[in-house]
Amino acid sequence: MDISVVIPLYNEDESIPELYAWIERVMKQNNFSYEVIFINDGSTDRSWEIIQELNQKQPDVVKGIKFRRNYGKSPALYCGFEQAQGDVVITMDADLQDSPDEIPELYRMIKEDGYDLVSGYKQKRYDPISKTIPTKLFNATARKISGIKNLHDFNCGLKAYRKAVVKNIEVYGEMHRYIPYLAKNAGFNKIGEKVVQHQARKYGSSKFMGLNRFVNGYLDLLTLWFLSTFGKKPMHVFGFLGTVMFFIGFVAAVWIGADKLWCLANGIQQRLVTDSPFFYIALTMMILGTQLFLTGFLGDLISRSSSGRNDYQIEETI
């Protein structure tokens, strides 16, 4: 199979028929063998009924996954990636803001140019300024931390992947924003970008607005940076910090004790060691150093991968 199109959606019943008809037209014009996988992320409208109707008409092409409740875009992509069979996997949003006309060129860049991942870049956007300015700041930070300098839009829903990429990365939480970073950490380094057409939303309103979206984005980026840097070697950071703090506290305690013994040996009157604030500072640093060291040691023993991290309640699959 040439292409798998993975489409996560939430309350997009007005857009689904038009989007699928557009995808079908593009695929037939280019003689692609394909499948379209809709992931219904707990929609409360008629989205699932429409997916079922499309499946009844073309059961070999249209596939669907229905979550019992709303989990988010990352879980939807994770489940879609699990089911994808195409040599190239295309992801796009269901709101008609991503153009299926981009699919042939994205496919060519993966198959002929040898890219592992190609991310869309919505150079001309039709979003409100309250969304575009934070997006620019967010992408600048993501480029700096990830080291992927050539991407301008990490969070663009329109992306193309070599099949091996989606089968070897784990998208969880809200990490869909950083799939290029996840791919890079998994060893897929040939990451490209294509300027794509961004269309104004035709139906409804965006489901992903609000300040929390950007705050959570930065927190997820810091988490991913820490896990990619120290996730498999937590002892390197906690053990190092713990050793440094314990050493400083130990040296300070030795100095305080030696000073007290020297004064006693020379008959010099001096207050009790426990009356000195430096004694408690030294003791606290030794305790904190020990705790940090043990944190790093335990982190090495405990797998960071939770067995239930991607255990989602799927009500129905077609």
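K260 is buried, with a relative accessible area of 16% (buried means under 20% relative accessible area, exposed over 50% and partly exposed in between, with a 1.4 Å probe and protein chains only). This is a predicted model, where local features need pLDDT of at least 70 and side-chain atom pairs count only at pLDDT 80 or more, while totals for chains, interfaces and linings use all residues. Residues are numbered from 1 along each chain as its sequence is written, and side-chain values use heavy atoms, with hydrogens and water left out.

**The chain overall**

- The protein chain holds 10 helices and eight strands; these are DSSP runs numbered from the N terminus, with helices being H or I of at least four residues and strands E of at least two.
- Of the 318 residues in the protein chain, 46% are buried.
- Take the contacts in the protein chain with a separation of 6 or more: residues 24 or more positions apart account for 81% of them. Contact here means heavy atoms within 4.5 Å.

**The sheet**

- Eight strands make an open sheet with mixed pairing, in the order β7-β5-β6-β4-β1-β2-β3-β8. Two strands count as paired if DSSP finds at least two bridges between them.
- At the edges sit β7 (191-195) and β8 (314-317), each pairing on one side only.
- From one strand to the next, the twist averages 20 degrees. Axes are lines fitted to C-alpha atoms, for helices over the stretch in contact, and angles run from 0 to 180 degrees between N-to-C directions.
- Strands β4 (residues 88-91) and β6 (residues 159-162) run antiparallel and are joined by four bridges. Within that pair, I90 has A160 of β6 as its bridge partner.

**Helices on the sheet**

- Helix α4 (residues 103-111) packs on the sheet and touches β1, β4, β5 (117-121), β6 and β7. Its direction makes about 140 degrees with that of β4.
- Helix α2 (residues 47-57) lies across β1 (3-9), β2 (34-40), β3 (62-67) and β8. Relative to β3, helix α2 runs at about 155 degrees.

**A closer look at β5**

- β5 is mostly covered, with five of its five residues buried.
- In a regular strand the side chains alternate between the two faces of the sheet.
- In β5, L117, S119 and Y121 point one way, V118 and G120 point the other way, and all are buried.
- On the β6 side, the pairing is antiparallel over three bridges, and L117 stands opposite Y161 of β6.
- With β7, strand β5 runs parallel, and five bridges join the two. L117 turns up again here, with I191 as its bridge partner in β7.

**The cavity**

- The structure holds one cavity of 30 Å³ or more. On a 1 Å grid over the protein atoms alone, a cavity is a set of points where a 1.4 Å probe fits but cannot get out, and lining residues have an atom within 4 Å of a point.
- The largest cavity contains about 90 Å³ of space. Grid points are joined across faces, edges and corners, and the volume is the space filled by probe spheres set on the points.
- Its lining has 15 residues, and K73, L77, T91, C156 and G157 lie nearest the centre.
- Both α3 (73-83) and β6 supply at least two residues each to the lining of the largest cavity.
- By class, that lining has seven nonpolar, four polar and four charged residues. Nonpolar covers Ala, Val, Leu, Ile, Met, Phe, Trp, Tyr, Cys and Pro, charged covers Asp, Glu, Lys and Arg, and the others, Gly among them, count as polar.

**Back to K260, and on to L272**

- K260 lies in helix α9 (residues 235-265).
- Leaving aside neighbours within four places in sequence, K260 is in contact with Q270, R271, L272 and V273.
- L272 lies in the loop between α9 and α10 (277-301).
- L272 and K260 are 12 residues apart along the chain, and their C-alpha atoms are separated by 8.4 Å.

**Two asparagines with positive phi**

- N11 has phi near 55 degrees, a positive value in a residue other than glycine. N11 lies in the loop between β1 and α1 (16-29).
- N31 also has phi near 55 degrees, again positive in a residue other than glycine.
- N31 lies in the loop between α1 and β2 and is exposed, with a relative accessible area of 68%.

Technical notes. On a 1 Å grid over the protein atoms alone, a cavity is a set of points where a 1.4 Å probe fits but cannot get out, and a pocket is an open set with protein on both sides within 12 Å along at least five of seven lines; lining residues have an atom within 4 Å of a point.
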